[in-house]
Amino acid sequence: MTISDVVDLIAIILLAIGAFFNLLAGLGLLRFPDVYTRLHAGTKCTTFGAIFICGSVVLLALKMWYFGNPNGSVLVIHTLGALIAILVTNPTGAHAIARAAHRSGVKPVGAVVDDLEGKPVRKSASKRKEAEK
Amino acid sequence: MIEVELTYLIVLCLLILSIVLCIIRVFRGPTAPDRVVGLDTINTLVIVSMIAYGMASGSVIYVDVAIVYALLSYISTLFIAKYLEGGEF
C-alpha cells in the first residue's frame, strides 16, 4: 500500500462523512416541525458537511500538486476560499432569517414562554434621529 | 484500489437527492420563512456540489463559480430576510 493509496482512502472517508451530513440536512429540513428547528438542521449540517467535502478536495488536490500536476495548487487555494466564504456567510444568513421569522410573527411549536415578547424593536439610525428631534 | 473520481460522482448523486428533499420543503412550506430556509439550504448544497464536480472533472472554473455563487446568494438571503422583517434598509 503506497502513500497515494492511503491519501485516497482518507479522502474517501472524509467524502462519506460529508455526504452523510448533507443528507441529514435534507432529511431534517423535511421532518422537523417548525421554522427554527428546520433552520437548525439545514444550516448546521450543511456547514459541517461542506467542511469535510472541501477537506477531501484539498487533500486530493495536494496529492495532485505533489505529483506534478499544476492544477493542484490553484484548486487548493480556490477551494479554501470557497470554504471560507461558506463559513462566513452561512451562520450570518441563518441568523438574519431567524430574526426575520420571529419579527414576522412565527411562533415555535410547543413554546410556552416567549422571552422576546413585548421587547422594543431596535429602530434604524434614521428613525432614531427623527424621534430625538 | 477504488477510483476516487467515481466516488465523487456518487457523492454528487447524494447531494442532488438532498437538494430534491429541500425542493419538496420549498413547495410544501406552510409559511414564507420555511421557503426561505429551504432556498438557503439549496444554495449551500449547490456550492458544495460545484466544488465536488470541479474536483471530479479536474477543472478549476467550477470552484471559481462556486465562490461567486456563495457571496451572491448570501446577499440575496439578507435581502429576503430584510423584506420579511418589514424594516427599512
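Let's start where the two chains meet: the contact takes 45 residues from chain B and 45 residues from chain A, a contact being two residues whose C-beta atoms, placed from the backbone, lie within 7 Å. This is a predicted model, in which local features need pLDDT of at least 70, side-chain atom pairs count only at pLDDT 80 or more, and totals for chains, interfaces and linings use all residues. Residues are numbered from 1 along each chain as its sequence is written, while chains are lettered from A and ligands numbered from 1 in the order in which they are written.

On the side of chain B that touches chain A, H1, H2 and H3 of chain B each supply at least two residues. Helices here are DSSP runs (H or I, at least four residues), numbered from the N terminus. H2(B) brings the largest share of that side, 14 residues.

Now look within chain A, where helix H1 (residues 3-31) and helix H2 (residues 35-66) pack at about 165 degrees with their axes 8 Å apart. Axes are lines fitted to C-alpha atoms over the stretch in contact, and angles run from 0 to 180 degrees between N-to-C directions. H1(A) is therefore roughly antiparallel to H2(A), a label for angles over 145 degrees.

Leaving aside neighbours within four places in sequence, A:Ile97 is in contact with A:Leu39 and, in chain B, with B:Pro33, B:Val36, B:Val37, B:Asp40, B:Thr77 and B:Ala81.

Conventions: Angles under 35 degrees count as roughly parallel, over 145 as roughly antiparallel, 65 to 115 as roughly perpendicular and the rest as oblique.
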